[in-house]
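Reader: Could you walk me through reading the inside of a protein model? I would like the general idea of each feature, then the case here.

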Amino acid sequence: MACAAAACGQTGCCRDEDDEELVVSTKKKAGKPIIKTNSVSTDTASSNRSDSTQAYSSEGSGHRQSLCVKCKIDEALIGDESRVCFGCFRSSLFGKFKVTVTTQDLISPPDNVLVAFSGGPSSRVALQFIHELQQKAQRNLDASRDKSFPVFGVGIAFIDESAISSIPSHEFEQAIQDVRLIVSSLAPPAKELYIAPIGDIFSLDSDDGIERLKELLCAISDVTGKEDLLRHLRMISLQKIASGHGYNKVVLGSCASRIACHVISATVKGQGYSLPADIQYVDARWEVPVVLPLRDCLIQELKMLCHHESLKTLELLDGPHSGINGLVSSFVTLLQEENPSREPTIVRTAEKLTPFNFNRLPETNDSSNHSSFRRRHKKLNFESYESNPSEYFCPICNSPIKNSDLESLKSILGHSETTADIFGASCCSSCQFQILPKEPSTMEHFYSLLPKPMVARVRDGICSNQDWLREQIKDCLLSDDEEGI
């Protein structure tokens, strides 16, 4: 598949020739030797004669139907409705990933990206594809004369949840060793691996942090709320690693299948206003922007790639969801079994929602040679964004809150309310219902257990939005030279 950017040979982006080499190398692993002549892959003469004989053998039309409909050389994958061989399937999947990265400018030469690795098929393929892009960029740099485009850096983060997991400790420890083995088996350039206990965001003392986390989870009665809070805490952990080690982007392996589930579950939870923020290629509301290069890929495709290339995944850590998330996941899986296009349809439908102004990468003042690279790719980003006022975000899930829900916050600003009450009023309706305690008397204790990044969001958010709030109620305020009646 052709790259959408012109003159991409200098950027580290793979060209059509690289895709052809990828197909050829994959076919070499899968079947008979193949010779590449004038950019066209052909069998040896004896193989051609053998295939011709087989094509007109007693199996006849049945054999011809099993050939890949794209290259018409290798046999199609069994059980794959697209009827393509593994080499063509692999090239197509990588092509979708590469086009997304290129057209959305998700990864550029000066970047230093942190890949969130959970051990599942999605994050495993994301790591593999980014590794291949980095290798290609390194080869381009080695072959370049002016060395104008550097090779982007890659780090890998794994969040250790063994202290709160139901998985036996020795099995979880073995899973962590497998993560180390997966990363160490990758060819150069070297990649740094960060294994961070999730309790580290609560306290510098790991034991104290784990105890606070356990107590916080016990204070949440709703199963769905507990699972959602853990997901938010993982993101805080990733942000802490990225900002602390100089990474400027966080790469998630979220695919179309997971996003389809999120579209329905967010709707059920009453998060329709903030839904567009979660399903875009770029999410820059975080300190370190988050990008989704596998957003157009299905989980079935990613599992198939892991199976055929023997990419090790950690099924132990890829457990089922519970509560609303579990019900929605089962529902979407059933829909997908009935019609393979259901998940992409759900995502495409949700795409019609207007994205927020933070769903694009922030502009940078880059006076170096990389500015020309950015200009070529930004032309293909979202065409326009409305100039919206500063968004106010939920301190727990970091979802944008619509103006009408800020009325309760406006009413308590400037009054002698407790900090815990202000925090509760600042949360979105979904977090208030599923995560916050129902009894007001327990709110103070719940607030004391929260990690500092969540608590700081209320203080920082109120300070940054006070001018905006004042603008909303300016018609109700008296000027300095007016007197109240």
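Reader: How many residues does the largest nonpolar core have?

Author: A nonpolar core is a set of buried Ala, Val, Leu, Ile, Met, Phe, Trp, Tyr and Cys residues joined through side-chain atoms within 4.5 Å. Buried means under 20% relative accessible area, with a 1.4 Å probe and protein chains only. Here the largest such core has 63 residues, and L229, L233, I396 and F423 have the most contacts inside it. Helix α8, residues 223-244, gives the most to this core, with eight residues. A second, separate core of 49 residues includes L77, V113, V125 and L305.

Author: A word on the source: this is a predicted model, where local features need pLDDT of at least 70 and side-chain atom pairs count only at pLDDT 80 or more, while totals for chains, interfaces and linings use all residues. Residues are numbered from 1 along each chain as its sequence is written, and side-chain values use heavy atoms, leaving out hydrogens and water.

Reader: Which residues does I396 touch?

Author: Contact means heavy atoms within 4.5 Å. Leaving aside residues up to four places away in sequence, I396 touches L229, H232, F423, C427, C431, I435, L436, M454 and R457.

Reader: Is Q434 buried or exposed?

Author: Q434 is buried, because its relative accessible area is 6%. Its neighbours, not counting residues up to four places away in sequence, are I220, D222, T224, G225, D228, K269 and I324.

Reader: And what share of the 485 residues in the protein chain is buried?

Author: Buried residues make up 49% of them.

Technical notes. Buried means under 20% relative accessible area, exposed over 50%, partly exposed in between (1.4 Å probe, protein chains only). Helices (H or I, at least four residues) and strands (E, at least two) are DSSP runs, numbered from the N terminus.
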